[in-house]
Structure formats: structure tokens, C-alpha cells
Amino acid sequence: MQLRGQLIGLLLIIAAISANAQTISGRVLDKGGNPIPFANIYVREASKGLAANDKGKFQIFLDPGTYTVKFQAIGYKPVTQTITVNDGNTAVNIQLDEAVYNLSEFTVSSKDNPSVWIMRKAIALGQQYKRSVGSYTSDVYLKLSFNARKFSRILRYMTPKSIAVPKEGKTYFGEMLSRITFSAPETYSQKVISFRTTLPGADSKDNFPGLEFLSTSIYDNSFSDIPSPLGLNAFTYYQFRLIGSSLENNVPVYKIQVMPKRPSGKFFSGYLYIADNTYAVKNADLNFEMSFGKANFKVAFDLIDDSAVLPSSYQLFADGGLLGSSGWVKSSGSLKYSRVMLIGRGRKVAPSQAQAAKTPVVKQPSLAAIKKKAEKEAKRAEKIAKLMDKTALSNSEMSKLARLVKKEEESKRSDSLKMKSLELQGMDKVEFTEDYNQKDSSYWSGQRPIPLDEEEKVAFAKTDSVKTIKDRISAFQSLSRGSETVSWGNLVGGGYLYNKNGLEFKTKGFLNPNFTYFNPIDGFTVGTRLVMFKTFEDKRELNVYLYPKYSINRGRLMGTGSVYYDYWPSHMGSIRISGVYGTQDLNTEQPVQPLVNSATSLFFKDSYTREMDVAGGAATTSLEIANGLTASVGFSYYHRKTLDNITNFSFLEKSKEYDPNIPVNEYLNTHPFATHTQAAFQASLTYTPEQYYRMDGSKKKYVKSDYPTFEVLYRRGVLNESASQYQLLSMKTWKRYDLGFLSEFYYSIEGGTFFDAKSLQLPDFHMPNVDYTPVTFQPTKQSFHLIPFYRFATPGGYVEAHSLYEADNILLKQLPFLKGTVFTENLYLSYYNSKALRNYVEVGYGIDKIWVLMEVKAIVGFEDGKYRSWGISISINRD
């Protein structure tokens, strides 16, 4: 769930640190003796950063030796001390003077806004800082706390059963240790070493997201999905103002105010602290808005060997409300780097085995080529020096400097790092130690760099009193609504029926309105979804889906089911076998939603769905022929019977009759709706150029591409007993473009035609994507809203296209009272052309993410350039 992902993403960001017996501990205070909350501490020799707690207390675990330790906090002058660590604890109290940022200390004059040229140099050189790291290992510690002042019924329902429902007003705590490993150009891995929380059930593996936060840089165009004030196009979104400068070790540090150019939208505001000599960011104090409230993010950065800028500690605070709930979240983290390898400095990064296998043998260059390369590099270095010596850079000079430093950095890379690989290795998968959630306070006391306060100590002591896994489960079940364990009671409400040794049985329960419904064809029907998942050691999967249902009015057991098996995970080879026995919507690709149809039937006697009694099945297999190219073949056989309504029941409309179970379609006079048998063979090819992918062990998953996807499909009716020996040839292309900074564009275009389709039955027509009901709970953004279900399905030629532009600020958010809100705006344009509906166009405008879950859109339809109709559609995304 999106909301659960956001909440968990705030709670679980980063982690881990190595244990030592010797410590430096103390407090960071101001001149008045008051603690400075969350002050940053950096140990140069250990490449280790950490943060004090909210009382200014800190502790650093180090081996015996002499260390250079820098203490700093936003708004204060840093203090650097040389501290010798012996056996036991070394106590140190640090006092920081308040930093005064004064424009009089600013020594460079310019007709341009002085903050502009400072930021231009910082942005340009930032491209070098972010690309100069060849590899590193980072041990990261996270401490977090959160409090739900109010927890609504909606969120109680959405909370996973494996997690206890938080008590209103109670503060919960957690801490986590992880290890992050990076190798250029973009290989990340994460291993959770230990995690514990005082909220029962929250330490499950299912509640750990991938830590993509660590795989982004503040110098990227987007930082944590928000336009970065240090990205190459920062001046498009932000304006800057120099507050002043303060001397740190005789080097001016500029305090730059960051202000969004637009008052609405998801942007940063706050302050950046930039060092004069290197133009590297030292601190960031940034505010931003989330879907449920406002947040503040403080990050301390350290410059490593004058070449790489890496975060050393951070603090996050968020407060807000959503869906009738409200609360706050606090977290702070520290990072310790080891084995940092800088490109062009010392040992270069060794390529991985996969890279080495792909690396071709390269002929050694001649002496003339070496000389030419050296001259080229010298000229580039001269150009960089000239631009750096300039007081004020223009936008074009900033871009030029960024390109030059990028080329300078790339020239230092080994050939293996220059190669373009389509395999991505990110932190979307997290590994865990076997005992990651079983360590108690005695373990943590030797690991924790950020001290606990008294309230946290008491809370964790209570958690430690539950020693064994059995006791944890028992205590959790007494506190929560029940865990996701074996329970036949879950047949009613949904949940696990079995979960052990890689084998899972789950059900949606008989109370789920997607499977238990009413319509005049089936009457009152009770159903559910049963799922079995089996994962094998080599990443092969066997999934079985069963949808049994019982029609009370017909007195008949019915259902559908499918079996999926990926027999060759590394080549995406799979087979799917499905079957049906009972009633089924005429449109199997996009059926009428049962929940909405039940409501309109029972209260207004208006049933949208049309069904047939179907018996048969299909088998399909697909296989990757080459990267991005997939072939699929299949065979289907169905016997379909027409049905009459079984009941005329309704809560309110007693005398009114339901419409008969015969669809309204423009072609029924030439293609009569009747009982029939239809068998078909189908083959398709799907291709995406330069398809990026990830490997999860031996399992391949497609991720993204910069190019559209193309599909060619051929289907033919077979067997003499079939109603039609038709042929269908269709082509389709689609692509989603991330335009950056809260905007994206999606399109799909499909065209096809039928041959020899005189006796073709309506279930095999091409059916345009339609969401005709005024309210929908499983929305699709590629649908028509003003043409009825089934009516314009066609057995002839057709063209169907959909496009969507989603952005943070298009029309209504220009209004003053809507600026700063978090909803987005959508523009829709859809097109359909067939013999029965010529050049039909729908244009729509929608307000999306209202209370996160809802969209309201207005649509206008035109046929052959003439106005046809208009309407309002409400979509609620329950996922």
C-alpha cells in the first residue's frame, strides 16, 4: 500500500556499525551550557559520522589510538579536537560558539546575485564529487521514534495483520544496523544486521523497503524524489539568496537560502552551507511537504580526500495527518565508511566477475595516441582552471564546467566502469542475518553510537523481557488484532491459511466485495480467492489461484482458476494454464467491478454486467528470446451459453424490471448473440529496445527502458466446431516517460483488424477499455468513461489510443488557496475509431491523490469533431 510504504519508508531508512569496547562519550553544548540537539560528529581517521541525541549526548566506539574529531551543528562554528582513546571510556564535553553569518565577511563583489555564482560553481563541481567514488562499504545506524496522536479506523484496517495497531498517544522506538556496499557505476547491496522496535510485529522482513535513499545523491537532479537544489537544473525550480558567510578554519562557509520559484508542489526550502575553497556542500537543512504533512531533513556531509562528498549523519522529523489520523516521526542516523576507493586515486575499482566476462580484449594504444590523449587532458584541465578562476559564472559556463569535470572524471575510469550495462543492481532487495531481530540490549549497548534517553531505555527493557520467539508471538497476539499465521478463521476475513518452508496459502476471505456480490444473473453469490505460492531454491515459482463461488439463487458451485510456473527464471520462461466453469463477464480483460455493480443493482436496479455460462480453459507459454524480446504462444477452448436473469430482487426498486442479460452492441444484427463454442490459437512478440533489468539470484526482472515497447499479436479461430475461423492481426506500442519533478507522460496506441469474422461472437470482439460506472474502486487511467460497456466492441478494424499527462501544477493549483497542497493534476486524451464509432475523442481533467486515495475527473466526449456528452468520474484506489 502506498500509504504504508510512505510510513514505513520514514521509519526504516538506514543502518549499522561495528562493535568496539573503547568509547568517546560526552555532550555537545552551547556557551550557555544548554545541549545542542542532534549535533554532528565526524571522526576523520575512521571516516565515521554520527549524531548526538536530542539531549546533545553522544558516544563513539573506536579502537585505541589518536583521532581527529570534528563537532559541528547547523548555526554553530565547528570545533575540531585531537582525542586519544585508551582502554575504557574517554569523556569529552564540547562547547560550540554560535555562528554569525555576516555579509560584511563576503569578499567577492559581482553585479550578479552573489548566491547565483556560488551555486553555479557548487552545482558544476558537484558532478565531479558524485561520480568520483569507485566503491565503498558503509555501516549505518538508525534510531527512530514515532507517535500516533490519533489512529483512525481506516488506517487500522489498512495496517498489516502482522503489525500491532499503535496505541494513540504512545511513543514507539526502534533502532537498526545495516551494511551498504557500493561499486561503480551503480551496484548497491544492503544487509540488515540487526533491528528491533517496541511496536510488536514491526520487525518483520516484509516491513523493510529497499533503501533507495542511499543510492541517490544531493547532486542528482532528483534527491529523494524531489527536485534537488544542487542538481544541474536547480535554477529551473529554485531561487537562491546569500544570507552571509562565517569563517571556519579561515575558510568562508556560505549560508544560502533555498526558495522554490513556485509556492505549490513538492519542493525543498531551507538552507545550504557551501565551503568557499571547494564549493562542496557541508550541511543541508531542508523542509519539504509529504502527502500527510510537513518534514524537515538535516544532512551533514564530509569531503573525502577533496574528491568525494558523502553524507555522514542525518536527522528527519515529520509531523502531519492523513485519513483522520495524525502523528509524528523522528529519526537520526550515522554512517561509517570503510574501504572508500576514489576513481583516479590509488587502486582503481576491480570489475565484478560479470563485468570481467563481458569486457573485450582491448588493443594497447600507440605512443602517438597516448600523446594525443595527454594533450587533450591538459587542454581540458586548463579550461577547468580558467572557469574556476572566474568570479561569476553564467548559466552556460556552469553547464560547460559541469561537462568538463564529468569528462575529467570519466577519463580516470577503468574500461570496465565505462561500459554500459543493461543490468541494474539496486537496493530493492534486502538481505538479513539469521538473528537480525533477536538481539537484546546487551548487544546493542556495544553498538549504538547515539545514546538512548531514559524513556527509550525503559521501552526497550520491556521489549527484552519477551525472550523467545514463541513468547514474542504470544505477546504480539495478545496486543494486536491477530498475526498472519495459520488460522481457518481467515477464511472469513482473509489472511494466511498456511505459511511455512517457502509454501504459502492465503485467502481474501468470503467477506471481500470483489468476490462476494449480487447481480440479477447470479443473484446473491458468495466467493473468495485462494492462493498458493511455492518458491524453490533456484528462484522458480509455482503459483496457484482459485476463485470458487457459490450462487445462492442458482444453487450452483462455480469458479475459475489458474496455475503459473516459471520454468526458466533467468530467461523469463513461464507457462500459465487457466480454466473456468460458471458465469463469466463477456469482457474478461476488463470486467465490470462486482462491488460497484452490486450497489447499483441493489439500490437502483441498474446492472451493468453481462455474462455467459462458460466452460473451458487456456494454456499459454512465454520465453525471452533475447534481452527485451519475448515470444508467447497459446491455445484456448471455451463453450459459452447464453443466460437469463435469475432474480428481480432490489432493495428499493420493487416494480422495475432489470434489463435483460443481452448486451447492447452495434453489430448484433449481423453477429447474433448465441450459445457457441470457440477455439483459438494465439502468438505474439513483444520487444523493448535497451531493456534494463535486475537479477534476483537466477530470476530476471525487467525494470525500465528509454524506448517504447512494441507488440505484434496474431490470433486465429481453429477447429471445425468453432463459431468462427476468424483471424486477428494487431499491433500496439506504449511508453511511460518520467519528465522529472512530479510529472510524467504515458501513451498507448493500438490498431488491428479482423479477417473472416462473419460468425464471430461478441466475447471475441475487440473491446475498448471502458470504465462507464460513475464510481470505480480499481481504476485504470487508460479508459473511456462516456461510452457504455460492450456497446462499441468491434469485429472489424479499429484504432485505440490513450494518453495521460500528470503533473504537480497545471490549472487549479494556480489558485492561491490551493497552493501548497499535495494533490496532483491529470490531463487525459483518448481516441477510438471503428465502423460504428467514428473518430471518437475524450478529453479529461482530473484532480488526483485527494486524501492519497481518490481522483475526481471531468470528461467531455466528441464524435467526428462534434460534441457528444460529458460526465464526472470518481476513482478510489483501495490498493
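Analyst: Lysine 849 has a relative accessible area of 29% and is therefore partly exposed. In this predicted model, lysine 849 forms a salt bridge with glutamate 806, with 2.7 Å between the closest N and O atoms. The two partners are 43 residues apart and link distant parts of the chain: lysine 849 belongs to strand β40 (residues 840–850), glutamate 806 to strand β38. Glutamate 806 counts as buried because its relative accessibility is 9%, under the 20% cut-off.

The structure holds 18 salt bridges. One of them brings together the side chains of arginine 556 and aspartate 613, at 2.9 Å from N to O. This pair also links distant parts of the chain, 57 residues apart, with arginine 556 in strand β27 (residues 556–568) and aspartate 613 in strand β29 (residues 611–626). Both arginine 556 and aspartate 613 are buried.

A further salt bridge connects glutamate 666 and arginine 791, whose closest N and O atoms are 2.9 Å apart. Here the partners sit in loops, 125 residues apart: glutamate 666 between β30 (629–641) and β31 (676–687), arginine 791 between β37 and β38 (798–807). Arginine 791 counts as partly exposed because its relative accessibility is 31%. Glutamate 666, with a relative accessible area of 34%, is partly exposed.

How values were computed:
Residues numbered from 1 in each chain as written. Predicted model: local features only at pLDDT ≥ 70, side-chain atom pairs only at ≥ 80, totals over all residues. Heavy atoms only, no water. Salt bridge = Lys/Arg side-chain N within 4 Å of Asp/Glu carboxyl O. Helix = DSSP H or I, 4+ residues; strand = E, 2+ residues; numbered from the N terminus. Buried < 20%, exposed > 50% of the residue type's maximum accessible area, 1.4 Å probe, protein only.
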